[in-house]
Amino acid sequence: MADQNVPPRRPRDDRGWDGRQHHTADGYAEHHPSASYGYDTPHPYQGGYPAQADPREQYGDGYAQPAPAPRGPQWVGPEGLGRPAPARTAGTGLPTLDDDDEPGRKVGRRRAMVAIGGTAAVVAGGAALAMTPQIRSLFGDEAAGDATGSTVTDGTAARPSGQQPSTVRTYTEQNESYMGSRAGEALKKNAPTGGRTFSGPAAAAAETQVTVKTVLAKDPILHLARRTTFGATPAVVADIKKLGIDGWIRAQMEPDKLEPSKAELKLAELPTQKLDVQQLRAQRDQLNEQGAQPEREMVDATIARQIWSKRQLFEVMVDFWNDFLHVAADFDGGEVYRNSFDKDVVRKHALGSYPEMLVAANKHPALLIYLNQKDSRKDAINENLARENLELYSVGVDGGYKEPDVRQAAMLQTGRGVDDKGKYVFRPEQHYVGKVKILGFTHANNSSDPKKAEAAIDAYITYIAMHPSTAKYVAQSLATRFVSDTPPKSLVDRLAKTYTTNKGMIKPVLMTLFSSSEFWAAVGQKVRRPMEYLVATYRTLGVSPDASPKHNNGDNKRTPYARGLRQIHDKMRELGHFPMGQPTPDGYPDVYVAWTSAGTMLNGWNEAGEIVAGYRTTFTFTAPEKLVAKPPATAGAYVDALAQRLVNQKLSTREKNLILGVAGVSATAKVDATFNGAITAVARAILASPQHHLR
């Protein structure tokens with residue numbers, strides 16, 4: 001039996017993650033003399049998950065190397081993951097919400113902002129959770145208990161073969177762990193519990209009654225815009241109204257037919273994004289001298305597409321797959337291979353076939369290097385990729401596999417690697433030959449002929465991609481992304497059935513989702529994660545990718561556009577959430593409870609103020625006093641009009657009064673277009689409201 005030939009399981013080692021984080025004063029990363037592209041250096045992953053990097057490791061500029069995020073519920077502060085926030089010049093920019101003692105102010109700005117937004121990130125669908133001690137401490141109130149306290153369930157004897165859990169959780173498993181908290185239980189009580197599928201999205205929208213408690217307007221067009229884009233804009237809302245719900249979704253399902261935005265055309269200003277793997281290798285010395293970092297420019301480009309692309313559903317799905325089939329941008333080799341993985345694996349198949357995506361990923365140098373498959377051979381087997389193919393990328397940790405399955409899969413996958421030119425290669429002399437049996441898949445695997453051996457591996461990858469447990473895993477993850485943190489089982493079951501019936505094609509699954517009453521009934525059931533909040537803020541403010549006339553470049557190496565994207569990128573790093581940023585093979589959690597943090601909220605609000613005020617001169621901003629074309633003459637009416645412009649609806653009376661308190665005026669007070677000088681503070685307060693935090 002092949003099982004008898006399984007090599008002994010190797011313990012995972014604790015080597016640290018070799019990230020390169022070198023920052024200069026303007027937020028750009030510069031080449032460090034000791035850093036190389038690492039083509040000939042051993043990969044730090046080497047058979048195990050990375051241990052948390054030593055935060056004491058300092059570079060010359062004083063920044064500590066960011067450490068991987070710990071598993072389980074965590075508080076992500078303004079310093080992100082182990083990196084201190086850049087020092088702010090005294091007296092510049094907006095108040096950082098620390099003005100409670102300002103003489104004559106009836107409602108301190110910090111207290112008012114927390115009252116407005118403090119529940120925004122602990123509210124879903126209007127089901128307010130107890131304010132956390134961290135938020136209460138912002139203005140000295142005594143904590144009344146921790147609403148986000150949780151019991152972490154890190155695996156049981158029911159796990160495959162009763163083995164110890166790995167140091168990373170699956171995408172779905174970590175979401176479920178977070179939702180086991182008291183806060184998660186509160187959210188579950190307000191989620192839709194069941195539903196049905198209609199003939200199409202428009203029919204489902206028309207026939208579905210929204211019964212959940214929510215502060216959001218129960219408008220199906222706004223709901224669709226919030227869930228299928230990175231933030232509703234006047235242009236998106238107008239397009240949905242023009243094309244109709246069905247027509248707009250069909251158009252989004254064909255992203256290649258949508259014209260690129262101006263910002264996407266400007267991505268030509270990111271020079272490394274035009275280079276393929278071989279060109280990046282050939283030009284590495286030149287790029288090093290220029291301080292270029294291809295993997296970071298890829299993240300910059302991703303952010304640009306999230307903010308400005310018209311192909312919004314496609315970009316949302318790219319982000320989804322980058323969490324589900326996750327390869328970190330900042331791995332040793334990412335500077336050469338990660339952009340190709342983004343283009344040739346994730347983007348190529350984002351709205352196509354997941355089995356084809358997984359097969360392509362398993363032949364891509366980025367994944368083979370990231371999970372050490374290039375080092376695995378028949379006489380020295382590395383099981384990292386084989387394990388993650390099962391645990392993270394297909395059936396999931398509770399999908400039915402056992403330890404012998406992992407080892408058999410690792411044996412079958414031997415021979416795949418990367419040649420000296422940086423291309424995928426299959427080495428038959430390193431491939432294990434012999435019968436394998438993995439989770440119900442059996443194969444003679446009795447030939448070292450490259451075509452036959454590779455066909456056997458591809459057949460196995462396709463098999464696990466089409467496994468019933470994978471269908472449920474993908475369905476659960478998509479429902480969590482688009483519907484709620486606690487999606488109804490009825491919807492998950494229907495999505496899984498569609499996945500299986502359509503052989504892993506994603507468009508039919510999405511159409512089933514959008515044609516389901518559970519999707520349309522879940523208004524206000526998702527909270528934006530830090531990256532999503534920041535992107536949505538840029539989108540709702542209508543920021544242009546062109547440089548402001550006030551901009552003084554001062555850097556002949558990068559255009560203003562490239563500099564501006566890097567500034568957003570670095571801000572996201574401070575918030576602890578940026579595209580492809582998770583250092584370990586699991587993606588970021590996709591549930592609200594994982595991201596609740598007083599520090600992150602304050603940092604996001606302050607950044608919203610920076611954007612409103614137009615301090616990022618690398619882009620062009622609409623002056624805050626011009627956000628409303630014809631501002632009303634009284635403060636209360638002006639707040640209503642500004643809220644309609646920024647969050648597509650009026651605020652509650654309580655929220656409106658708090659915002660008036662931020663400005664220090666009454667509803668009937670006469671104001672000019674600048675809100676008597678308080679327009680930036682008022683706009684920022686609206687962007688701290690639940691209506692902007694919820695999607």
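Guide: In this predicted model, Phe314, Glu315, Val318, Trp321 and Asn322 of helix 12 meet Arg338, Asp342, Val346 and Arg347 of helix 13. Helix 13 covers residues 334–349, and helix 12 covers residues 312–324. Two packed helices are described by the angle between their axes and the distance between the axes. For helix 12 and helix 13, the axes come within 11 Å and cross at roughly 115 degrees. Helix 12 is therefore roughly perpendicular to helix 13, since angles from 65 to 115 degrees count as roughly perpendicular. The crossing of helix 12 past helix 13 is right-handed.

Lys310 is partly exposed, with a relative accessible area of 41%. That label applies because 41% falls between the 20% under which a residue is buried and the 50% over which a residue is exposed.

Leaving aside residues up to four places away in sequence, Lys310 touches Gln252, Leu258, Glu259 and Glu264. With one of these, Glu259, there is a polar contact: the side chains of Lys310 and Glu259 come to 2.6 Å. Another residue to look at here is Pro255, which is 55 residues from Lys310 in sequence. In space, the C-alpha atoms of Lys310 and Pro255 are 8.4 Å apart.

Such links across the sequence can be set against the whole chain. Among contacts between residues at least 6 apart in sequence, 77% join residues at least 24 apart. The protein chain has 695 residues, and 62% of them are buried. Its secondary structure comes to 29 helices and six strands. The accessible surface is about 26000 Å², with 51% of that belonging to carbon and sulfur atoms.

For a contrast with partly exposed Lys310, turn to helix 23, residues 530–540. Eleven of its eleven residues are buried, so helix 23 is largely enclosed by the rest of the structure. The buried residues include Glu532 and Arg539, along with Met531, Leu534 and Val535. Pro530 and Thr540 are also among them. Just after helix 23 comes Gly542, with a positive phi of about 65 degrees.

Key:
Residues are numbered from 1 along each chain as its sequence is written. This is a predicted model: local features need pLDDT of at least 70, side-chain atom pairs count only at pLDDT 80 or more; totals for chains, interfaces and linings use all residues. Side-chain values use heavy atoms; hydrogens and water are left out. Helices (H or I, at least four residues) and strands (E, at least two) are DSSP runs, numbered from the N terminus. Buried means under 20% relative accessible area, exposed over 50%, partly exposed in between (1.4 Å probe, protein chains only). Contact means heavy atoms within 4.5 Å. Accessible areas come from the Shrake-Rupley method with a 1.4 Å probe; for residues, only the protein chains shown count as cover. A polar contact is a pair of N or O atoms within 3.5 Å; within protein, one must be able to donate a hydrogen and the other to accept it, and residues adjacent in sequence count only if both atoms are side-chain atoms. Axes are lines fitted to C-alpha atoms, for helices over the stretch in contact, and angles run from 0 to 180 degrees between N-to-C directions. Angles under 35 degrees count as roughly parallel, over 145 as roughly antiparallel, 65 to 115 as roughly perpendicular and the rest as oblique. A crossing is left-handed if the near helix is turned anticlockwise from the far one by less than a right angle, and right-handed if clockwise.
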